[in-house]
Amino acid sequence: MSRHAALRTVVRRRAKVDAADRLKLAEALLGTDDLATCAQRALDWLGRAAGATRGLCLVGPPDTPTVLEPIATLGVRGPRVQSFTLDLEAHDDPLVAASIGLGASIFGRNGRPAPRTPLESGRFIATPLHARQTLEEYPVGLLLVAPSDPDVEAEAKWVAGLLGPRLTALRAAQRRQEGERRILRERTLLYNIINAVSDPILLTDTEGRITVANARAEALLSAGDDEGRRRAIALNNMLFSSALTRRAIEGAEPWRHELLLVDPVDGSDLLFELLSTVTVDPREGTGIVSILRNVTDLRRATQEIEENYRKLRLAEADARAERDRLDLIIDSVADPILVTDPNANIVMMNAPAERLFTADPAAGAEARRTVQANDAHFSSFVSNLFFEPGAMRRSGSIGLVDPRTGAPLPVEAISGKIVSEHGEVTAIVTILHDRTEELERARLYEELKRASSELEQKVREATAELTRQNELLRRSHFEIEQASAAKSQFLANMSHEFRTPLNAILGYTSMLLKGVTGELTPHQRRNLERVDSNGHHLLAIINDILDISRIEAGKMPLTLTQFDLKDLVAEVLAEVEPIISRSQLAVTSQLAGDVPLLKTDRQKIKQIVINFLTNAIKFTPQGSVEVRAGYMPDMDHIAVSVADTGIGISPEDRERIFEDFRQADNSPTREYTGAGLGLAICRRLAGMLDGAITLDSEVGRGSTFTLSVPREVKRA
Amino acid sequence: MSPRRAPAAKATPVAAKAPLILVVDDFADNREMYSQFLSFSGYRVAEAQNGHEALEKAFELAPDLIVMDLSLPGLDGWEATRQLKADDRTRVIPVIALTGHALAGHSKGAMDAGCDAFITKPCLPERLLEEIKSMLKG
């Protein structure tokens, strides 16, 4: 009954629950940071304000949130409470179902069996404790309150709504503190480890500022007490930053570099090997981890070893240099040099000798045989010197073969004995001299001699051939001369054959005209005169042809005499007088006063001048003809010109008129008679006298023919 | 030189004492032409056709002058002249050589043979007459 009365009391007291009580609970919950205290105050409030007789608050420990354990009790205690746990993984447990539900579950009412709990009584309310009124996987705890009462149920729900978030918040804070403690522990451990390392270790940021440094690093790089220490540390910092800067520039990783620092304690040099690696952390950013390894002692030891090694090398080099010098001298001798012991074994040789007496391992069997043969020849030569006790030297020829080329190598060998103080032969030195060139020279000389004699023979043959050709040429020349002579003879004969009948024609005509056979009628006389005229013309042509053939055959003799040009001109004018008087022309002569005596062929000069004059008269219908003569001292030439006022000669005809059988007008109906050989002959005659004929003419105005010849013909 | 202007010669009667000219030429037309003109000019004329005849006539007639053509059949003019000049009976008789050969060698050969003058054909009768006159005068 009392229990019922108590219930009623609760109900009554329940009605007294007001806002102030609720505020008090809320303040009490916020006023404590401990989960158990919080839970206990909530249970106590339910017992006092809502009339709950028993209660139990279950909360999961921080590390295992799936197992709920009692942390506060109301009206119950003892071992059952101590040992009670609720495994949230056990899904068939009705309490677990209540824990993970949203609202409160009432057990022991309406015949629903209550699970075993430390609350003992059959009825109780199980309310899950959540942070908020949302479904979470696991609640932070479970609130069990008995006896079942509608007011208690509602109050339990309200308390759970207040307690759940608070416990959750406290649990979270609890966990955070736990984490921080763990991090601190790890950090301390890390520092201890780093500090325990005997090498300085540093972490620097990208700016080169030191973020982390172990004790060894700090000893080197962190500010010290006294002045000396500070300076050393400043210097070390500078050296270290500089090394890091270089590392940043070079950018290779991992990066190894030697760094020389100063010991801040005693000021001695410390050599470190700086090994730095770039670390990239998403939160902390890029940094450089540098480890300095003290290699001062190592370096010192290394240097000592190196120095000892260097000394050793120097001593060795000195010893070898002496030998090398000797080798060099021997090797620089182009001739092979060999030193043999008394058993004729080679003990030393220079490079040229090696080529002859050692086989390249890579060389073929042929080269090895050659080397053996060379060796045999050489040994035999040297041995002979041993068998001549008195002789100190020996020289001779050896026929060796070059192993590289297989070419024969004749050499001149000179061997000399080296005798010890005790008079015994210790070695034999042999020098071989290549005789190839010498022999080649001799061969070339022989060849040259042979070539020379061949050449001589060829020259002899060529000379003989030349002689033969000359003979042929001479004969052929003779034949040509004969032919030329035959031609001249033919022309002479022809001339004779023409002249004989012409002599009769002209003779009889002349006699008839002279009236030898009686007087002639005028008609007969005219006709006879024509016969006579044509006969003379024919004779002139024959004479001209004869002249040309004589000149060409070289049978026109030059008859040189000394004479006065003035006389010659007078003679010509006198001879041509009959033609002049028939012509009605004014023919004059003009002679310079300074013309010296000439020495040339008078007859030929005369012939040319007569030709000029008769031509001028023939081709000048009216006007005048003038014969001029002058002397040109600068050339020592005389010039005789005949100038007329005749028909003139056109430029295109000026050369033609000097050709054989030419007149300017060569047509059959031409106006002027004449064979046209006159100027051709004149030009040839002038040539014989080393002179020339020039012509100056203008059509319709007249012509001037000029003969220019040396005053004296130089040749016979 | 031109005959046209020469004055016509007058025929002269041949005097008994007129000089005797022996004309030697194998070509009858020339020989007779000269003979005719020389006769016309007042000379006595004898003729020979070749070298042998010339020698015979020369020895036989002892002419005052001989006109000798050099190209003769058989004994030629050079040889005939040489023989005449070699003989005492005929050595003094002047010989005028006549030739149709105009080459220089002929003239020299004629002089070497002993000819006293040398004329190249064609030779007009007047020209020969002048030469004869000048020869006989000397």
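Visitor: What share of the 716 residues of chain A counts as buried, and what makes a residue buried?
Guide: The share is 25%. A residue is buried if 20 or more other C-beta atoms, placed from the backbone, lie within 10 Å of its own; with 12 or fewer it is exposed, and in between it is partly exposed. The structure is a predicted model, in which local features need pLDDT of at least 70, side-chain atom pairs count only at pLDDT 80 or more, and totals for chains, interfaces and linings use all residues. Residues are numbered from 1 along each chain as its sequence is written, while chains are lettered from A and ligands numbered from 1 in the order in which they are written.

Visitor: Why is A:A98 called buried?
Guide: A:A98 has 22 other C-beta atoms within 10 Å, and the cut-off is 20 or more, so A:A98 is buried. A:A98 is found in helix α5 of chain A; helices are DSSP runs of H or I of at least four residues and strands are runs of E of at least two, numbered from the N terminus.

Visitor: What does A:A98 touch beyond four places in sequence?
Guide: A:A98 touches A:S105, A:A126 and A:P128, a contact being two C-beta atoms, placed from the backbone, within 7 Å. A:A98 and A:L142 are 44 residues apart in sequence, but 8.6 Å apart in space from C-alpha to C-alpha.

Visitor: What makes a set of residues a nonpolar core?
Guide: Its members are buried Ala, Val, Leu, Ile, Met, Phe, Trp, Tyr and Cys residues joined through C-beta atoms within 7 Å. The largest such core has 44 residues, and A:A39, A:A42, A:L46, A:C57, A:L143, A:V145 and A:L163 touch the most other members. Elements giving two or more residues to this core include α2 (19-30), α3 (35-50), β1 (54-59) and α5 (94-100) of chain A. The most comes from α3(A), with nine residues. Beyond four places in sequence, A:A39 touches A:C57, A:V59, A:I71, A:A72, A:L163 and A:L167. A second, separate core of 38 residues includes A:Y508, B:L22, B:V95 and B:L124.

Visitor: How do you know which way the buried residues of α3(B) point?
Guide: In this helix (residues 77-86), the buried residues are B:G77, B:W78, B:A80, B:T81 and B:L84. Seen down the axis of α3(B), they fall within an arc of 165°, taken from the directions from the axis to the C-beta atoms, so they line one face of the helix.

Visitor: Why are β18 and β22 of chain A called edge strands?
Guide: The open sheet has five strands in the order β18-β20-β21-β23-β22 (chain A), with mixed pairing. β18 (586-591) and β22 (692-698) of chain A each pair on one side only. Strands pair if DSSP finds at least two bridges between them; β18(A) and β20 (residues 624-632) of chain A run parallel and are joined by six bridges. A:A586 has A:S624 in β20(A) as its bridge partner.

Visitor: Which of these strands does helix α14 of chain A lie across?
Guide: Helix α14 (residues 565-583) lies across β18, β20 and β21 (637-644) of chain A, at about 175° to β18(A).

Visitor: Where in chain A is pLDDT below 50?
Guide: pLDDT, the predictor's confidence in each residue from 0 to 100, is below 50 over residues 1-15 of chain A. It also stays under 50 over residues 667-671 of chain A. The mean pLDDT of chain A is 81, and 90% of its residues reach 70 or more.

Notes: Axes are lines fitted to C-alpha atoms, for helices over the stretch in contact, and angles run from 0 to 180 degrees between N-to-C directions.
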